[in-house]
Amino acid sequence: MKKMILALAASAVMGLGVSAAEAKTKACFIYVGPIGDFGWSYQHDRGRLDVEEALGDEVETAYLESVPEGPDAERALERFARSGCNIIFATSFGYMDQVNQVAADFPDVKFEHATGYKREHPNVSTYNSKFHEGRYVQGQIAASVSDAGVAGYIASFPIPEVVMGINSFILGAQSVNPDFELKVVWVNTWFDPSKEGDAAKALIDQGADIITQHTDSTAPMQVAAERGVKAFGQASDMIDFGKETQLTSIIDDWGPYYIERVKAVIEGDWEQVDVWDGMTEGHVVMAPYTNMPEDVKKLAMDTEAKIKAGEFDPFTGPITKQDGTEWLKEGEVADIGTLLGMNFYVKGVDDELPQ
Amino acid sequence: MMDMWQNIILTIATAATPLLIAALGELVVERSGVLNLGVEGMMIMGAVTGFAVALATGNPWLGMIGAIIIGSLFSLLFGFLVLSIATNQVATGLSLTLLGIGLSGMIGEEFVGEPGVKLSNIEIPGLVDIPLVGRLLFGQDPIFYISIALVFGVMWFLFKTRTGLTLRSVGDNHDSAHALGIPVLRYRYFAVMFGGACAGLAGAHLTLVYTPQWIENMTSGRGWIALALVVFASWRPLRLLAGAYLFGAVSIGQLHAQALGLGIPSQFLSSLPYLATIVVLVIISTNRRLTLMNTPACLGKPFVPAR
């Protein structure tokens with residue numbers, strides 16, 4: 001919080017002197033966690049650094065970290081908009097309503113909201129990555145290397161993005177072992193290392209020998225390493241925290257998108273978009289496949305190649321919902337609308353989805 | 001099955017230990033009549049120091065000692081402001097927290113993404129294999145043992161020694177204590193530094209035992225929970241021990257309840273520890289006489305001797 005206040009104050013002061021150097025395009029970023037989380041916010045900040053590196057003198061960047069979702073985000077967004085930012089990247093789902101509110105007041109500022117779906121004004125774009133593609137590959141790996149046939153999933157909040165990941169993971173796992181079981185623990189936070197670690201311990205104690213997470217810290221990986229089970233990293237390559245533990249990790253590479261969008265602002269041809277890119281475009285990258293037998297590695301790489309080539313979509317029927325009703329018929333592929341609003345589990349998830 | 005219960009108990013102990021240590025320190029501070037809301041800040045400074053020293057020297061014990069020293073030095077800053085200059089304790093404590101979070105983030109920047117050094121467990125051969133409680137009692141990390149020793153140490157000090165009695169009198173009525181020739185500020189300085197040392201140690205527990213890595217803001221509000229626990233325990237060390245473990249048990253229990261798939265909404269389970277705190281606070285406050293008896297009467301009031 002303190003850092004945020006400081007940064008806000010600093011940006012207010014800078015705002016006074018910015019008009020003199022109007023030539024530079026200012027790209028601003030708002031992160032939900034600290035840039036040092038080595039996960040979600042860390043990767044977004046890497047994207048910001050990529051922008052600086054690629055566009056050099058043409059661009060100036062600023063960021064606010066640990067901005068809570070909700071009303072605080074509105075203040076942060078407004079401050080940024082007033083301080084002369086030309087484009088603002090709001091990098092968490094929970095900023096959705098605030099982005100649209102502030103965008104209405106600042107029609108000249110471009111807003112880019114990560115993982116959301118509301119674009120109420122022409123100056124709001126949304127962008128996301130198909131992380132679930134990576135989760136499917138992880139599910140296949142999990143079912144192949146697990147002895148217990150049970151994986152543990154540390155989940156943050158029951159939003160479509162996270163539910164989609166869980167579903168994709170279990171579908172991948174079932175494609176290898178139809179009886180594979182998935183235990184889910186909701187920690188109701190994106191970032192609390194100790195709590196995430198405790199959740200990992202609880203899941204391992206209850207028989208899971210694969211840990212995967214949709215939270216942002218490296219703690220679960222470390223717990224898995226300590227307890228001698230395997231785990232998947234999240235958002236960045238976490239191999240240093242589990243050299244004999246990490247199977248792979250879904251790496252979010254936001255750099256290319258950020259560079260493209262900031263460039264568009266500089267060149268004056270920014271337009272509203274709704275981007276949802278995945279492995280094909282290089283936004284979702286798998287960390288090296290480690291700590292698994294060769295045949296599993298091959299299976300994973302084959303699936304990855306198929307998804308990349310656009311030959312396979314994880315949400316291809318037949319898929320049954322958790323309550324037993326049919327969702328997708330044989331060969332049917334899920335439509336984007338259903339995925340982005342996903343609020344149900346598929347069959348095989350051992351959990352009740354919080355509503 | 002036995003193993004699972006043993007592991008659950010161990011996880012609870014690990015979750016409770018930093019809360020217990022930080023809260024014990026604050027208990028002594030508040031008993032001397034000073035309210036230090038900077039626990040979170042001192043804790044995170046201890047966390048980053050412990051991590052950095054352990055990483056640099058390869059010795060987690062030095063990390064632990066470093067954290068204790070930095071914790072108490074950091075609290076001295078608070079002590080100087082509220083004791084020597086008599087600033088507002090609430091505001092000063094809050095800024096200490098904010099300063100600690102910001103400063104630790106800056107210091108720790110280069111350690112992000114580096115695995116830390118873990119303080120290894122002390123195991124007593126043979127006894128460690130006793131089912132269920134063997135590992136809890138004879139195979140834990142050193143800071144766990146320190147935390148238990150601290151509970152009884154603080155108890156003995158506050159209620160069985162003359163110095164402890166004097167410290168409590170300073171917290172209950174600093175004017176009378178002053179009139180009796182007791183150096184009120186000196187007592188408070190030492191209490192504040194003890195609180196800082198404890199918070200530093202609690203922080204070191206996070207980076208050396210709980211999750212041996214440095215991540216910004218990794219205390220995630222544990223300092224505030226420690227503060228609440230002191231009130232929860234009505235300023236009594238044994239109740240603090242019970243409170244910290246109750247809190248740990250509820251927060252770990254809810255994770256297990258979820259993994260078992262009991263079908264209770266996770267949002268409700270996540271809020272259980274806080275609900276438990278509220279319930280206990282309500283129960284305690286209904287007995288007004290008991291609350292008044294234990295609350296240090298001069299808590300949060302500045303003392304300026306010349307007046």
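Domain bounds are those of an automatic or database domain assignment. The structure is a predicted model, in which local features need pLDDT of at least 70, side-chain atom pairs count only at pLDDT 80 or more, and totals for chains, interfaces and linings use all residues. Residues are numbered from 1 along each chain as its sequence is written, while chains are lettered from A and ligands numbered from 1 in the order in which they are written.

Chain A is assigned domain 1 (2-11 + 24-129) and domain 2 (131-251 + 283-350). The C-alpha centres of domain 1 and domain 2 of chain A are 28 Å apart. Contact (C-beta atoms, placed from the backbone, within 7 Å) joins 13 residues of domain 1 of chain A to 14 residues of domain 2 of chain A. On the domain 1 side, helix 2 (residues 40-55) of chain A provides the largest share, four residues; helices (H or I, at least four residues) and strands (E, at least two) are DSSP runs numbered from the N terminus.

Between the chains, 35 residues from chain A and 37 residues from chain B take part in the contact. Helix 1 (2-17), strand 7 (181-186), helix 7 (193-205) and helix 8 (219-227) of chain A each contribute at least two residues to the chain A side. Helix 7 of chain A gives the most, nine residues.

A:Val229 lies in the loop between helix 8 and strand 9 (230-235) of chain A. Residues up to four places away in sequence aside, A:Val229 touches A:Ile204, A:Asp209, A:Ile210, A:Ile211 and A:Ala224. The C-alpha atoms of A:Val229 and A:Val346 are 26 Å apart.

Terms used:
Contact = placed C-beta atoms within 7 Å.
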